Amino acid sequence: MSKELQKKTTRKKTIQKKAAVKTAAAKTGNQKKTPSVKKKQKARRITVSIRLGLVLLTVFFVMLAVIKIMKPSLLTKNYFEMKGEDVDASKPDIDVQLLTVNPYSRPGTKTEKIKGIVVHYTANPGATAMANRNYFEGLKDTQITKSSSNFIVGLEGEIVQCVPTWEIAYASNDRNIDTVSIECCHPDESGEFLEDTYRSVVQLCAWLCLKFDLSEKDIIRHYDVTGKICPKYFVEDEKAWELFRRDVKKAIKKAK
Ligand SMILES: [Zn+2]
């Protein structure tokens, strides 16, 4: 081989080697970037991040808006009432006979957000709603116990309100702070409600569910809070209790 040819071959090999290195670098993405390419890539990354942030923010606000329309009570911890025609239209006749503020039956303490409705029975067969209301009022003088209820439903279906729904009543122990209580009158020891009483309690519960953005599942018995046999008939007859809740569900549907 002549020296000239040898030189040419060596040069060719060097060029081939360099090309091979370049190709390998390109494949692995390790080629050196110029500063302007780096800047461009950085700018692109920032743009992508901003866009992603905006999308997430939009999703967040859309979800917030949906919750505000579908379940507004979720967004607050404080006392909250729904407004609307369905709430007004489903309101039963209520005889408001508020108790005097006193430590034994109306402490004047504010409730938190209402999360449930507690049904009771008076355990006082034959007594009317007003008689029970007057017993609660009398506790400020007799001071024999602490007891009351937001509402009392009477033997003829009459509804007497003793304590505003934004104030606690002494009826449901640990749940006084976030529930509304309903005492129900009954004619005898069985604790079963008369038809008129039953109808009014269903209507009152449906209205309260709409007012506080609750469902029939949020209606509980005093028994579910403390295990007390109250309301007696609905504790002893689980099917009657389930039927009662279904009747409330129907009444809510009808009102909407
Ligand atoms: Zn009770």
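## Burial and overall make-up

Buried residues account for 30% of the 256 residues in the protein, and this figure, like every other in this report, comes from a predicted model. The protein contains eight helices and six strands, which follow one another from the N terminus in the order α-α-α-β-β-α-β-β-β-α-β-α-α-α. Of the contacts in the protein with a separation of 6 or more, 74% are between residues 24 or more positions apart.

## The sheet and its edges

The six strands form an open sheet in the order S1-S4-S3-S5-S2-S6, and the pairing within this sheet is mixed. Its edge strands are S1 (95-96) and S6, each of which pairs on one side only. Strands of a sheet pair through backbone hydrogen bonds, and they may do so in either a parallel or an antiparallel manner.

Helix H4 (residues 129-142) lies across three of these strands, namely S3 (151-153), S4 (159-161) and S5, and runs at about 150 degrees to S3.

Strand S2 (residues 116-121) has six of its six residues buried, so the strand is largely enclosed by the rest of the structure. Both of its faces are covered, with Gly 116, Val 118 and His 120 buried on one side, and Ile 117, Val 119 and Tyr 121 buried on the other.

S2 is joined to strand S5 (residues 179-184) by six bridges, the two strands running parallel, and in this pairing Ile 117 stands opposite Val 180 of S5. Three bridges join S2 to strand S6 (residues 219-221), again with the strands running parallel, and here the bridge partner of Val 119 is Arg 221.

Helix H5 (residues 195-211) comprises 17 residues and reaches 24 Å from its first C-alpha to its last, which is close to the 24 Å expected at 1.5 Å a residue. Because 13 of the 17 residues of H5 are buried, this helix is largely enclosed by the rest of the structure. H5 is followed by Asp 213, a residue whose phi is positive, near 60 degrees.

Two packed helices are described by the angle between their axes and by the distance between the axes. For H5 and helix H8 (residues 238-255), the angle is about 60 degrees and the axes are 9 Å apart; the two helices are therefore oblique to each other, and H5 passes H8 in a right-handed crossing. The contact is made on the H5 side by Val 202, Gln 203, Cys 205, Ala 206, Cys 209 and Leu 210, and on the H8 side by Asp 247, Val 248, Ala 251, Ile 252 and Ala 255. An α-helix has 3.6 residues a turn, so residues three or four places apart point the same way.

## The surroundings of Cys 209

When its neighbours within four places in sequence are left aside, Cys 209 is in contact with Leu 214, Ser 215, Glu 216, Asp 218, Val 248 and Ile 252. Among these partners, Val 248 and Ile 252 also belong to the H8 side of the contact between H5 and H8.

A further relation across the sequence involves Lys 249, which is 40 residues from Cys 209 along the chain, while the C-alpha atoms of the two residues are separated by 9.4 Å.

Definitions and conventions. Residues are numbered from 1 along each chain as its sequence is written. This is a predicted model: local features need pLDDT of at least 70, side-chain atom pairs count only at pLDDT 80 or more; totals for chains, interfaces and linings use all residues. A residue is buried if 20 or more other C-beta atoms lie within 10 Å of its own, exposed if 12 or fewer, and partly exposed in between; C-beta atoms are placed from the backbone. Helices (H or I, at least four residues) and strands (E, at least two) are DSSP runs, numbered from the N terminus. Two strands pair if DSSP finds at least two bridges between them. The expected span of a helix is 1.5 Å times one less than its number of residues. Axes are lines fitted to C-alpha atoms, for helices over the stretch in contact, and angles run from 0 to 180 degrees between N-to-C directions. Angles under 35 degrees count as roughly parallel, over 145 as roughly antiparallel, 65 to 115 as roughly perpendicular and the rest as oblique. A crossing is left-handed if the near helix is turned anticlockwise from the far one by less than a right angle, and right-handed if clockwise. Two residues are in contact if their C-beta atoms, placed from the backbone, lie within 7 Å.
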